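Please keep the sequence and the coordinates at hand while reading.

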Amino acid sequence: MTRTRKIENACLTAITMAAAVLWIFPLYWALVTSLRSEDHVVSRNAGLLPDQFNLSAYIDAIFNTQLVTWYINSIVTALIITLLVIVSGMMCAYALSQMRFPGRRLLYVVVLASFMVPSQALVVTQFILMDQLDLIDSWAGIILPQLIVPVVIIVYKQFFDAVPGEMREAVVLDGGGDYTLLFRVYLPLNRGITTALAIITFIMAWNQFFWPFLVVNSEAMMTIPVGITQVNDAFGVRYARLMAVALLAAMPVALAYLIFQRRVTEAVMISSGVKG
Amino acid sequence: MTMIHNRRRHYLVAASLVAPFMVILALVFLYPAIRMVALSFTNGPLIGAGDWVGLDNYRRLLSDNLFYTSLKNNGYFIVLTVLPTTLLALAIALMINRLSGRLQATMLALFFLPYILPVSVVTQIWSWMLDFQFGIVQPLLAFITGKPIPVFRNPHWVMPMVALVTIWWTNGFNVLLFIAGLRNIPVDLFEAASLDGASRRQKFCRITWPLLWPVTALVLTLQLILQLKIFDQVYLMSQGGPFNSSYVLLLMVYREAFQLNNGGYASAVALVLFVLIMVVSVLQFQLLRLGGGKR
């Protein structure tokens, strides 16, 4: 490598790092703000560097808002959604991939079509349906419309299609049925993709704003993303607490991402069809 | 006899496997979709019965200025986000792709992290960043324009700022798709080009760009569909204002249905949005299939 090439490369790397630092700055700034006292946040001599380690905003956020309740609502609904989406998705995908029955192709077309349906445009009548079922302002009301994640079926089907046929034979000879095949052969073989899909479904459910915002009307039933928008209104603007609340709301998904980084990126790539 | 019996059992097992998904799909997608069409021909409130009014809602829609404002703002927002985010993501992906190992993973994580945040966290952080009195960005705005600007209360600034926040939030996803696309390009192509003495630029124009085109098309169309459905950021940062300068279609659906109690009219607006997005989705599907066929 020539010398100019080396300098060029070093410059490009430096630019990349500078851009990344700039990109993450809003999160850094939220963190710095949340660790200051409310007075210091708005004072003239507060600089860009972290200069306080004041946890009062966090304590205030946890004890003087309904943050814990919203956490519980979010964790419960997101976990149930993830479980049901993965189980119903893998079952449907298995039937579409490995079984022959009349209407199979039509069902697959229905799955593909539902993939394109913008659920946001259906909220008016989904709301009416939830009212008829008496599910407004309930966990079930939050959960039900979020159970349709067709991409899970599409990805599972691809992976089940790729399982070699010989894997079936031993089980079939032992007289095992399709449920045995699914849970004893196809699922264990695709454990990696199950983890990846589950993590991304959980993150999506946790982050969902529009539907929970519509179907919930009491503060006690709100999920985290909806609840944190209330903190502002009730007490006037307190910036340090606002940032503490925002960071606490983002923490579970941020941690899930940082821990399962490779799985998350893999899942995003596979479910958008660029790799798999 | 046993053959027929076995086959029937096979079908029953298949039905039981597809049933959970299909039943929920019928309940929360199919039924509301049919209901939406029916409701759009009535003057019903959100909850309760209304009278059949034929095409009245659609006639009203065609003479509703707010509808055209929303349509225009949706279009403006698409212009502000789709192409810029695609180009930016491509540039970032190219920069990250040259790095390796730990450094690459760290850089990717920094650019991707905002994407996994809930929308309200994003809007709260940016509302603070852009706060008129104490926002950290205001000195910069003051330096450029001469005075601090209340960006979400200024009709000229509101949409570009919402677009900026949206790009910051969602760009990581596009970066990831481009990186996946770049990794799918066989390395020996670059090695062969290097042996032939190709420059960096030649390699990009002759190898990277053509082979990356399918991913670019995917990113562009995904963004187009996503940005047509914008609601959250606008609602949380500007409520459609000031002077309806950030009013968008989904916000109109929300207002009419949940604040003005016009279930019928809201359904008509929602149906128009629904059809619009479905048309773009089908076009995308066809485009990507054609692209995939060529590969």
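How many residues of domain 1 of chain A are in contact with domain 2 of chain A? In this predicted model, 11 residues of domain 1 of chain A are in contact with 8 residues of domain 2 of chain A. On the domain 1 side, helix 1 (3-34), helix 2 (38-41) and helix 3 (56-64) of chain A each supply at least two residues, and helix 1 of chain A gives the most, with 4 residues. By class, that side of domain 1 of chain A divides into 6 nonpolar, 3 polar and 2 charged residues. The two domains cover residues 3-59 and 68-271 of chain A, and their C-alpha centres lie 34 Å apart.

**Confidence**

The model scores ipTM 0.90 and pTM 0.91. For chain B the average pLDDT is 90, and 97% of its residues score at least 70.

**Contact between the chains**

The contact between the two chains takes 69 residues from chain B and 68 residues from chain A. On the side of chain B that touches chain A, the largest share, 18 residues, comes from helix 1 (residues 2-39) of chain B, and the class count for this side is 57 nonpolar, 8 polar and 4 charged residues.

**The largest nonpolar core**

The largest nonpolar core holds 160 residues, of which Val245(A), Ala246(A), Val253(B), Val269(B), Ala270(B) and Leu273(B) touch the most other members. Helix 7 (residues 158-183) of chain B contributes the largest share of this core, 15 residues, while domain 1 and domain 2 of chain A are each represented by at least three residues. Leu273(B), when its neighbours within four places in sequence are left aside, is in contact with Ala121(A), Leu249(B), Leu250(B) and Val253(B).

**Annotated transmembrane spans**

An unreviewed UniProt entry annotates "transmembrane region" at residues 12-31, 70-94, 106-129, 135-156, 193-214 and 239-260 of chain A. For chain B, the feature of that name, again from an unreviewed UniProt entry, is placed at residues 12-34, 75-96, 108-129, 157-180, 209-228 and 265-287. The table gives the computed geometry for some of these spans.

| Span | Distance between end C-alpha atoms | Helix and strand content |
|---|---|---|
| Residues 135-156 of chain A | 31 Å | 55% helix, 0% strand |
| Residues 193-214 of chain A | 32 Å | 91% helix, 0% strand |
| Residues 108-129 of chain B | 23 Å | 73% helix, 0% strand |
| Residues 209-228 of chain B | 27 Å | 100% helix, 0% strand |

**Backbone geometry in chain B**

Gln239(B), although not a glycine, has a positive phi of about 55°, and this residue is found in the loop between helix 10 (232-237) and helix 11 (249-259) of chain B. Gln239(B) has 13 other C-beta atoms within 10 Å and is therefore partly exposed. Phe243(B), which is also not a glycine, has a positive phi of about 50° and is found in the loop between helix 10 and helix 11 of chain B. Is Phe243(B) buried or exposed? Phe243(B) counts as exposed, because its C-beta neighbours inside 10 Å number 10, and the cut-off for that class is 12 or fewer.

Helix 8 (residues 187-195) of chain B is hardly covered, since the count of buried residues among its 9 residues is 0. Just after helix 8 of chain B, Gly197(B) takes a positive phi of about 75°.

Note on methods
Residues are numbered from 1 along each chain as its sequence is written. Chains are lettered from A and ligands numbered from 1 in the order in which they are written. This is a predicted model: local features need pLDDT of at least 70, side-chain atom pairs count only at pLDDT 80 or more; totals for chains, interfaces and linings use all residues. UniProt positions are given in the numbering used here, feature names are shortened, and annotations may be inferred rather than shown by experiment. Two residues are in contact if their C-beta atoms, placed from the backbone, lie within 7 Å. Ala, Val, Leu, Ile, Met, Phe, Trp, Tyr, Cys and Pro count as nonpolar, Asp, Glu, Lys and Arg as charged, and the others, Gly among them, as polar. A nonpolar core is a set of buried Ala, Val, Leu, Ile, Met, Phe, Trp, Tyr and Cys residues joined through C-beta atoms within 7 Å. A residue is buried if 20 or more other C-beta atoms lie within 10 Å of its own, exposed if 12 or fewer, and partly exposed in between; C-beta atoms are placed from the backbone. Domain bounds come from an automatic or database domain assignment. pLDDT is the predictor's confidence in each residue, from 0 to 100.
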